[in-house]
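Hi everyone, thanks for coming. Today I'd like to walk you through one structure and the spaces inside it, so please have a look at the screen.

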Amino acid sequence: MAPTSSKTYIVEHLDEELGPWSELEYLAIAKESQESGAKFLLSSLPPAFKVPEALSAVPSFTAENRGVEELYAQDKSRVCLLDPAAAKDLSPEDGDTFDAFLFGGILGDDPPRDRTSELRKKGFEGRRLGPVQMTTDTAVRVTRLVVEGKTPLQEISYTDSPELRFNEHESTQMPFRYVKGADGKPIMPQGMVDLIKKDADKAIDDLF
Ligand SMILES: C[S@@+](CC[C@H](N)C(=O)[O-])C[C@H]1O[C@@H](n2cnc3c(N)ncnc32)[C@H](O)[C@@H]1O
């Protein structure tokens with residue numbers, strides 16, 4: 001079957017719960033998918049999972065208890081897994097080959113623990129987004145720029161390991177690659193900088 005022009009971004013949720021970081025990331029993916037006319041499917045949700053209202057309010061968003069293997073059992077070749085360990089990098093032509101792009105719903109970790117391997121085992125064709133670990137929303141953003149915007153991976157402007165400075169004394173470094181925004185700052189989900197600051201303050205409080 002020929003691929004359709006409208007793309008589906010699938011995040012297979014691999015954690016039991018939905019933490020506040022993942023919630024902000026998923027909301028950013030939902031809003032950007034809505035704006036570009038794409039669909040966002042959050043799959044493999046545990047039965048008791050409560051989908052946040054802000055997410056279910058986005059028309060192009062779908063929550064699914066079934067996993068991607070079951071959902072795409074008949075169309076496996078239409079799905080591309082974004083995999084940091086894949087042998088080949090994603091290219092604009094992949095937008096002509098695949099309809100759906102699959103990501104691990106995992107928070108970034110440093111050093112990376114390769115939890116994407118849980119999806120690799122399912123046998124989807126894999127593509128890498130370069131050698132540096134990205135957050136899940138960044139990985140979707142970069143994939144969209146490549147397959148919808150037809151921008152080659154190496155022509156996208158990135159910011160690696162940005163330092164977020166909260167005040168004169170407090171800052172934190174994020175060990176991931178982000179897309180550089182028009183204002184020169186790394187693009188992050190709305191509310192993420194405040195959440196990171198709150199978590200950093202909590203970690204300091206916990207020390208005392
Ligand atoms: C935060 S990353 C998780 C990476 C992680 N440390 C792991 O255990 O695999 C979340 C998802 O974004 C995608 N991703 C992030 N960086 C990538 C890269 N450089 N190439 C391909 N996919 C990437 C993958 O789908 C990955 O499962």
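Let me begin with a question: which elements each supply at least two residues of the lining of the largest pocket? They are E5 and H6. If you want to find them on the screen, strand E5 covers 100-105 and helix H6 covers 136-147. Please keep in mind that this is a predicted model.

Now to the pocket itself. Its volume is about 480 Å³. There are 27 residues in the lining of this largest pocket, and nearest its centre lie Leu82, Pro84, Thr116, Gln133 and Met134. Sorted by class, that lining has 12 nonpolar, 7 polar and 8 charged residues.

What takes up the space of the largest pocket? That would be the ligand. Around the ligand you can count 23 residues, and the closest are Leu82, Asp109, Arg115, Thr116 and Gln133. The shell is made up of 10 nonpolar, 6 polar and 7 charged residues.

Let's go through some of the atom pairs. I'll start with Gln133, where an N or O atom in the side chain is 2.8 Å from a nitrogen atom of the ligand. For Leu129 we look at the backbone instead: one of its N or O atoms there lies 2.9 Å from a ligand nitrogen. Gly104 also takes part through a backbone N or O atom, this time 3.1 Å from an oxygen atom of the ligand. And how much of the ligand does the protein bury? On its own the ligand exposes 560 Å², and 99% of that is buried by the protein.

How many cavities of 30 Å³ or more does the structure hold? The count is 1. The largest cavity contains about 40 Å³ of space. Its lining consists of Trp21, Glu25, Thr135, Asp137, Tyr178, Pro189, Met192 and Ile196. Helix H1, at 20-36, and helix H7, at 192-206, each contribute at least two residues to this lining. By class, the cavity lining has 5 nonpolar, 1 polar and 2 charged residues.

That's my tour, and I'm happy to go back to any part of it on the screen.

Conventions: Residues are numbered from 1 along each chain as its sequence is written. This is a predicted model: local features need pLDDT of at least 70, side-chain atom pairs count only at pLDDT 80 or more; totals for chains, interfaces and linings use all residues. Side-chain values use heavy atoms; hydrogens and water are left out. A residue is near a molecule or strand if one of its heavy atoms lies within 4 Å of it. A polar contact is a pair of N or O atoms within 3.5 Å; within protein, one must be able to donate a hydrogen and the other to accept it, and residues adjacent in sequence count only if both atoms are side-chain atoms. Accessible areas come from the Shrake-Rupley method with a 1.4 Å probe; for residues, only the protein chains shown count as cover. On a 1 Å grid over the protein atoms alone, a cavity is a set of points where a 1.4 Å probe fits but cannot get out, and a pocket is an open set with protein on both sides within 12 Å along at least five of seven lines; lining residues have an atom within 4 Å of a point. A molecule sits in a cavity or pocket if more than half of its atoms lie within 2 Å of its grid points. Helices (H or I, at least four residues) and strands (E, at least two) are DSSP runs, numbered from the N terminus. Ala, Val, Leu, Ile, Met, Phe, Trp, Tyr, Cys and Pro count as nonpolar, Asp, Glu, Lys and Arg as charged, and the others, Gly among them, as polar. Grid points are joined across faces, edges and corners, and a volume is the space filled by probe spheres set on the points.
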